[in-house]
Amino acid sequence: MPRDSKMSDNSSNFIPLSVPVIRGKEWAYVKECLDTGWVSSAGKFVDRFETETCQYTGAKHAVACASGTAALHVALRIAGVTAGDEVIVPTVTFIASVNSIRYVDAQPVFMDCDAFYNLDAEKTRNFILHETAFTNGHTYNRHTNRRITALMPVHVFGNAVWLDELLPLCRERNIKVIEDAAESIGTRYTTGRFAGRHTGTIGDIGCLSFNGNKIITTGGGGMILTNDRADAERAKYLTTQAKDDEVRFVHNDVGYNYRLTNVQAAIGVAQLEQLPRYLEIKRTNYSAYKQTIDRIPGLHLAEGPAYASNNHWMYAMQIDRAIYGSDREQLMAKLAGHKIQTRPLWQLNHLQHPHANCQHYRIERAQHLLDVTLNLPCSVDLTPSQIERVVEVLRQKA
Ligand SMILES: *Cc1c(COP(=O)(O)O)cnc(C)c1O
């Protein structure tokens, strides 16, 4: 694969975990913004980015946002989550999922994960069926007596959450489903009730992120996906300061300055054009890692669920310490010594200081996965020789 030396720092020998790859029409599109003066939160690239994200994902409506976190915050407002409500969220996710819940003064209820690092659908179903009561059209937590207004499944590392039973149950129980699809653009269900559909288009609202570490980036940015026109209009309204009269500055709600700029959207349009190729590269590199790593005793590259076509955003490696001889921390330090950047899972969110008093339900698997998992370099511009360098270090005995 041809590589432009301008676009990556080959001199340092450092292999980063996940960095942007800019080699499409980004320069041309950004130049157009600068040449025309359309650099701010209006312009044709914002519209184009929204339209083309709809075309790619199959969502009916898309509203660009300043970040994935902003998208989640607005999604919760649109879903009607208000102060004192509860939102079910996995303990294994990036902190932004949980913070967005706190922004609307709601409380997270933490769930365990399944074998794919995702919200455990079976336990979540059990929780809703046995730990809550459905009264006057709302679901109440028997333990806290608070109303549960939303569920936030997170498609961790691009692995699709199994929603076949959860979604209908949430519909029955008047619980809105907000998908945190920040990491899963490009992931589609292949079997089951949602076969053919993209993650982020299944629930009431889906949120994407275009942060610098995701598969495609706008530098910083996000997107709200929905099939509901009124929700999309409300998303646009809330992300633009809730303007009811833009001449006389009348605002009938509390809005936010959460719009994406045209310059960022220009980068996004160029990145989206390359996404299909990026996904192929991700898959090829996953296979290259998998074939070699699974032959090393005590190491195993995690697989995605068989019911979806995975975007392979992260390459999660699992370490059996007893067989391999060193643990996650030791291996991470050793790789760092070879200028190879790796990262563990996030600290479990039910243990994070600001959320430590929140309820958690039967969390049994998450700690084990945290202990044994190390994410390997996964940038789209990773070369075969860099993959070989990583595997070579993994092969060395402790
Ligand atoms: C990246 C990420 C977010 C937040 O997106 P930003 O664009 O960085 O605000 C939210 N949830 C998950 C799971 C993420 O990985």
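## Close-up views of a predicted model

View 1. Is Arg321 buried or partly exposed? Arg321 has a relative accessibility of 48%, so it counts as partly exposed. The two residues form a salt bridge, and the closest N and O atoms are 3.6 Å apart. Elsewhere, salt bridges with shared partners join Asp112, Lys123, Arg362 and Glu364 into one network. Part of that network comes up in the next view. In the structure as a whole, the search finds 21 salt bridges.

**View 2. Lys123 and its salt bridge with Asp112.** Start with the two side chains, which meet in a salt bridge with an N to O distance of 2.6 Å. Lys123 belongs to helix 5, while Asp112 sits in the loop between strand 3 and helix 5, so this pair ties together parts that are 11 residues apart in sequence. How buried is each partner? Lys123 has a relative accessible area of 8%, and because buried means under 20%, Lys123 counts as buried. Asp112 is buried too, with a relative accessible area of 0%.

**View 3. Where domain 1 touches domain 2.** The protein is divided into domain 1, residues 26–270, and domain 2, residues 275–395. Taken over C-alpha atoms, the centres of the two domains are 25 Å apart. How many residues of domain 1 are in contact with domain 2? There are 48 of them, and they are in contact with 40 residues of domain 2. Between them the two domains bury about 3800 Å², with 61% of that area on carbon and sulfur atoms.

**View 4. Charged and polar links across the domain interface.** Between domain 1 and domain 2 the count is 1 salt bridge. Look for Lys123 again: the side chains of Lys123 and Glu364 meet in a salt bridge, 2.5 Å from N to O. Polar contacts also cross the interface, with 27 residue pairs found. Which elements of domain 1 supply at least two residues each to the side that touches domain 2? They include helix 4, strand 3, helix 5 (121–131) and strand 8 (188–189). Strand 3 gives the largest share of that side, 5 residues. Sorted by class, the side of domain 1 that touches domain 2 has 24 nonpolar, 16 polar and 8 charged residues.

**View 5. Helix 4 and what covers it.** Helix 4 runs over residues 95–103, and its buried residues are Ala96, Ser97, Val98, Ser100 and Ile101.

**View 6. Arg48 and Glu273, a link between two helices.** The side chains of Arg48 and Glu273 meet in a salt bridge, 3.5 Å from N to O. This pair links distant parts of the chain: Arg48 is in helix 2 (residues 44–57) and Glu273 in helix 8, 225 residues apart. Arg48 is partly exposed, at 27% relative accessibility. Glu273 is also partly exposed, with a relative accessible area of 36%.

**View 7. Gln274 in helix 8.** Gln274 has its place in helix 8, which spans residues 262–293. Is Gln274 buried or exposed? Its relative accessible area is 6%, so Gln274 is buried. The side chain of Gln274 reaches the backbone nitrogen of Gly24 at 3.3 Å. If you leave aside neighbours within four places in sequence, the residues in contact with Gln274 are Arg23, Gly24 and Glu26.

View 8. Tyr289 is another residue found in helix 8. Tyr289 is buried, with a relative accessible area of 0%. Which residues are in contact with Tyr289, leaving aside neighbours within four places in sequence? They are Leu301, Tyr315, Leu376, Pro377, Leu382, Ile387, Val390 and Val391.

Key
Residues are numbered from 1 along each chain as its sequence is written. This is a predicted model: local features need pLDDT of at least 70, side-chain atom pairs count only at pLDDT 80 or more; totals for chains, interfaces and linings use all residues. Side-chain values use heavy atoms; hydrogens and water are left out. Buried means under 20% relative accessible area, exposed over 50%, partly exposed in between (1.4 Å probe, protein chains only). Helices (H or I, at least four residues) and strands (E, at least two) are DSSP runs, numbered from the N terminus. Domain bounds come from an automatic or database domain assignment. Contact means heavy atoms within 4.5 Å. Buried area is the accessible area (1.4 Å probe) that two parts lose on being put together, summed over both. A salt bridge is a side-chain nitrogen of Lys or Arg within 4 Å of a carboxyl oxygen of Asp or Glu. A polar contact is a pair of N or O atoms within 3.5 Å; within protein, one must be able to donate a hydrogen and the other to accept it, and residues adjacent in sequence count only if both atoms are side-chain atoms. Ala, Val, Leu, Ile, Met, Phe, Trp, Tyr, Cys and Pro count as nonpolar, Asp, Glu, Lys and Arg as charged, and the others, Gly among them, as polar.
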